[in-house]
Amino acid sequence: MADVPNFPPIEPHICVKGALEAIAFYEKAFGAKNTFKQMTEDGKRVMHANLSLFGGTIMMHDEFPEYGSDVLSPASLGGASVAININLSKAADVDAAVDRAVKAGAMPIMPVEDTFWNARYGRVKDPFGHVWAFNAPLGRTAAGA
């Protein structure tokens, strides 16, 4: 019997305009590894790609409006409809992840700060319109102990 891949129970599948550029950005900004890429016959757009990042995976494809797609990029929609939340283990990791993303070209949209829910948290928007939220526990109790 052939090996069956172990797919995660939930896996974001994002749509972008310019998937090749997006893959390069995610590699630089988030340390992503491109584990699979299927191009269109003309080699200009990505039909499907898998990226491994932050211990998980996302799937990605270019926009294909000519096929009446019900999934469009944030650029076509006028903004993102979800935030991709990345849970990290240490508060300092949030600062590092946001800083790396901003240096790679992401726009900070919520500065990194300690929150009322006892986490270090910050958000960025990537150049393709997707919002990435970074979260890590502060490791203190509600009383501040």
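Keep in mind that the model is predicted. Let's start with the sheet. Four strands make an open sheet, in the order β1-β4-β3-β2, and the pairing is mixed. β1, residues 13-16, and β2, residues 33-39, stand at the edges. Each has a single partner strand, so one side of each lacks a neighbour in the sheet. On average, neighbouring strands here are turned by 20° against each other, direction ignored.

Now look at the pair β3 and β4. β3 covers residues 46-53 and β4 covers residues 56-62. They run antiparallel, paired over five bridges. Within that pair, Ser52 stands opposite Thr57 in β4.

What packs on this sheet? Helix α1, residues 19-30, does. α1 touches β1, β2, β3 and β4, and its direction makes about 5° with that of β3.

Next, helix α3, residues 91-104. That is 14 residues. From first C-alpha to last, α3 reaches 21 Å, close to the 20 Å expected at 1.5 Å a residue.

Which residues of α3 are buried? Val94, Ala97, Val98, Ala101 and Ala104. They cover an arc of only 130° around the axis, so they lie on the same side of α3. The general rule is this: an α-helix has 3.6 residues a turn, so residues three or four places apart point the same way. On the other side of α3, Ala92 and Lys103 are exposed.

And the partners? The buried residues of α3 pack against α1, β6 (107-114), β7 (119-125) and β8 (131-137).

One last stop. Just after α3 comes Gly105, with a positive phi of about 125°.

Definitions and conventions:
Residues numbered from 1 in each chain as written. Predicted model: local features only at pLDDT ≥ 70, side-chain atom pairs only at ≥ 80, totals over all residues. Heavy atoms only, no water. Pairing = 2+ DSSP bridges. Helix = DSSP H or I, 4+ residues; strand = E, 2+ residues; numbered from the N terminus. Axes fitted to C-alpha atoms, helices over the stretch in contact; angles between N-to-C directions. Contact = heavy atoms within 4.5 Å. Expected span 1.5 Å × (residues − 1). Buried < 20%, exposed > 50% of the residue type's maximum accessible area, 1.4 Å probe, protein only. Arc of directions from axis to C-beta.
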